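User: I have to get through this structure for class. Please take me through it in plain words.
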Amino acid sequence: MKYRFGGREKLLSFGAYPEVSLAAARDARDAARSELRADRDPALTRKQRQAEAERADRQLQGVGEKWISIQGIQWTERHRDDVATSLQRFVWPTLGRINLDDITPPMVLEVIRRIEAARAKETARRVRQRLSAIWRDRRTVC
């Protein structure tokens with residue numbers, strides 16, 4: 001689709017024909033036109049959406065849930081539920097939306113200490129072990 005934005009001519013592609021149907025291409029064109037009517041560059045909007053999707057794939061919660069689904073195949077159902085519940089309860093609320101590369105050891109230690117303060121030392125040890133396994137296996141998960 002050819003369009004003008006900011007006085008410059010630009011070109012936007014929606015994909016090759018067999019992979020993108022004509023109806024899907026028309027829908028994408030209509031969405032791009034509505035972006036232009038709202039005085040936004042459709043190419044920039046697309047790049048922002050792609051960057052958001054990449055960030056979500058690198059967040060601890062997303063990687064952790066993928067790790068559970070991969071590793072959970074070899075676990076019993078009860079153990080898989082225990083792992084998922086402990087991470088949902090103690091880790092995701094504080095660290096779940098943070099990019100893996102941005103999480104520091106003091107941040108993890110704070111979560112572990114908070115669990116220990118609730119007199120749940122064994123749970124704290126297991127959560128630390130699970131976080132360590134997520135970090136160790138993140139290359140295969142991502």
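Analyst: First, a definition: helices here are DSSP runs, H or I, of at least four residues, and they are numbered from the N terminus. With that numbering, R119 lies in the loop between α6 and α7. Keep in mind that this is a predicted model.

User: Is R119 buried or exposed?

Analyst: R119 is exposed, because its relative accessible area is 80% and the cut-off for exposed is over 50%. Its phi is also positive, near 60°, and R119 is a residue other than glycine.

User: Which other residue has a positive phi although it is not a glycine?

Analyst: D39 has one, with phi at about 60°. D39 sits in the loop between α1 (22-37) and α2 (42-57). It counts as exposed, because its relative accessibility is 60%.

User: OK, now the inside. What is in the largest nonpolar core?

Analyst: The largest nonpolar core has 22 residues. Those with the most contacts inside it are L60, W67, L87, V91, L95, L131 and I134. Two or more residues each come from α3 (60-71), α4, α5 (92-95), α6 (105-117) and α7.

User: Which element gives the largest share?

Analyst: α7 does, with 6 residues.

User: Why would nonpolar side chains be together like that?

Analyst: In soluble globular proteins, nonpolar side chains tend to be buried together.

User: V91 was on your list. What does V91 touch?

Analyst: Leaving out residues up to four places away in sequence, V91 touches L60, S86, G96, V111, V127 and L131.

User: Take S86, then. Where does S86 lie?

Analyst: S86 is in helix α4, which covers residues 77-90. It is buried, because its relative accessible area is 8% and buried means under 20%.

User: What does the side chain of S86 reach?

Analyst: It reaches the backbone oxygen of V83, at 2.9 Å. Not counting residues up to four places away in sequence, S86 touches V91, V127 and R130.

User: How do α4 and α7 pack?

Analyst: Their axes are 10 Å apart and the packing angle is about 95°. The range for roughly perpendicular is 65 to 115 degrees, so α4 and α7 are roughly perpendicular to each other.

User: Which residues meet there?

Analyst: From α4, they are H79, D82, V83, S86, L87 and F90. These meet T123, V127, R130, L131 and I134 in α7.

User: And α3 with α7, at what angle do they cross?

Analyst: The axes of α3 and α7 cross at roughly 85° and come within 9 Å. These two helices are therefore roughly perpendicular to each other. On the α3 side the contact is made by L60, V63, G64, K66, W67, I70 and Q71. On the α7 side it is made by R130, L131, A133, I134, W135, D137, R138 and V141.

User: Where is the place of V141?

Analyst: V141 is in helix α7, which spans residues 121-141. It counts as buried, because its relative accessibility is 11%. V141 touches V63, K66, W67 and I70, not counting residues up to four places away in sequence.

User: How many residues apart in sequence are V141 and K66?

Analyst: They are 75 residues apart in sequence, while their C-alpha atoms are 6.4 Å apart in space.

User: Changing topic: how many aromatic pairs does a search of the whole structure find?

Analyst: The search finds 1 aromatic pair. The rings belong to W67 and W75: their centres are 5.4 Å apart and their planes are at 70°, so the pair is edge-to-face. Edge-to-face needs an angle over 60 degrees.

User: Is W67 buried or exposed?

Analyst: W67 is buried, because its relative accessible area is 4%.

User: Last one: what does A43 touch?

Analyst: A43 is in helix α2. It touches Y3 and L12, again not counting residues up to four places away in sequence. A43 and R78 are 35 residues apart in sequence and 46 Å apart in space, C-alpha to C-alpha.

Definitions and conventions
Residues are numbered from 1 along each chain as its sequence is written. Side-chain values use heavy atoms; hydrogens and water are left out. Buried means under 20% relative accessible area, exposed over 50%, partly exposed in between (1.4 Å probe, protein chains only). A polar contact is a pair of N or O atoms within 3.5 Å; within protein, one must be able to donate a hydrogen and the other to accept it, and residues adjacent in sequence count only if both atoms are side-chain atoms. Contact means heavy atoms within 4.5 Å. Rings of Phe, Tyr and Trp (its six-membered ring) pair if their centres lie within 6.5 Å; planes under 30 degrees apart count as stacked, over 60 as edge-to-face and the rest as tilted. A nonpolar core is a set of buried Ala, Val, Leu, Ile, Met, Phe, Trp, Tyr and Cys residues joined through side-chain atoms within 4.5 Å. Axes are lines fitted to C-alpha atoms, for helices over the stretch in contact, and angles run from 0 to 180 degrees between N-to-C directions. Angles under 35 degrees count as roughly parallel, over 145 as roughly antiparallel, 65 to 115 as roughly perpendicular and the rest as oblique.
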